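The comments follow the chain elements, the core, the charged side chains and the surface.

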Amino acid sequence: FQGSCIINHLVRSKMKEVSLHRDSPLGETVLECYNCGERNVFVLGFIPAKQEQVVVLLCRACVQSGGMKDSSWDLALWLPLIDSNKTFLPWLVKAPSDLEQARARLLTSAQLAKLEEV
């Protein structure tokens, strides 16, 4: 099994919207495109601001169309919120600590699928 449990759950349940936990660094917020409001996390990404320590969330369609509300963003720097390891970026969702990982049960895809059915 590869990837994070949350990504696996989203795919299996056919859900696409994510709300961050209130104790997260970004607070309780729904992830959505700054430009159009799209909430599908599988098409969302981010672009860092050119001069500030902030990022903007944008969907792939808005980046490809180039129709932005604000031109202070370099669209070529867009990166998806879900990385190639099928996990959310670490600044968005905190990875479990070594202790938490050591206490976790390793599950196969079949076991995860069975849990999803419950």
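Predicted model: local features only at pLDDT ≥ 70, side-chain atom pairs only at ≥ 80, totals over all residues.

1. Within H1, the buried residues are Ile7, Asn8 and Leu10. These three lie on the same side of H1, because the arc that they cover around the axis is only 160°. In general, an α-helix has 3.6 residues a turn, so residues three or four places apart point the same way. The partner of the buried residues of H1 is helix H4 (109-117), against which they pack.

2. The largest nonpolar core comprises 24 residues. Those with the most contacts inside this core are Leu31, Val41, Leu44, Ile47, Leu58, Leu81 and Phe88. At least two residues of the core come from each of H1, S1, strand S2 (55-59) and helix H2 (60-65). S2 gives the most, with 4 residues.

3. When residues up to four places away in sequence are not counted, leucine 44 touches Leu31, Leu58 and Leu81, among others. Its contacts also include Cys33, Cys59, Trp78 and Pro80, as well as Glu32, Glu38 and Arg39.

4. How many salt bridges does the structure hold? There are 2. In one, the side chains of arginine 39 and glutamate 17 meet at 3.8 Å, N to O. This pair links distant parts of the chain: both residues are in the loop between H1 and S1, 22 residues apart. In the other, the side chain of arginine 39 meets that of glutamate 32 at 3.0 Å, N to O.

5. On the surface, a nonpolar patch is formed by Leu26, Val55 and Trp91. Together these residues have about 260 Å² of accessible area. Leucine 26 is placed in the loop between helix H1 (5-13) and strand S1 (44-48). With a relative accessible area of 47%, leucine 26 is partly exposed; a patch residue needs over 30%, so leucine 26 passes that cut-off.

Notes:
Residues numbered from 1 in each chain as written. Heavy atoms only, no water. Patch = residues over 30% accessible without salt bridge, like charges linked within 9 Å, V, L, I, M, F, W, Y side chains within 5 Å. Areas by Shrake-Rupley, 256 points an atom, 1.4 Å probe, with all protein chains shown as cover. Salt bridge = Lys/Arg side-chain N within 4 Å of Asp/Glu carboxyl O. Buried < 20%, exposed > 50% of the residue type's maximum accessible area, 1.4 Å probe, protein only. Core = buried A, V, L, I, M, F, W, Y, C linked by side-chain atoms within 4.5 Å. Contact = heavy atoms within 4.5 Å. Arc of directions from axis to C-beta.
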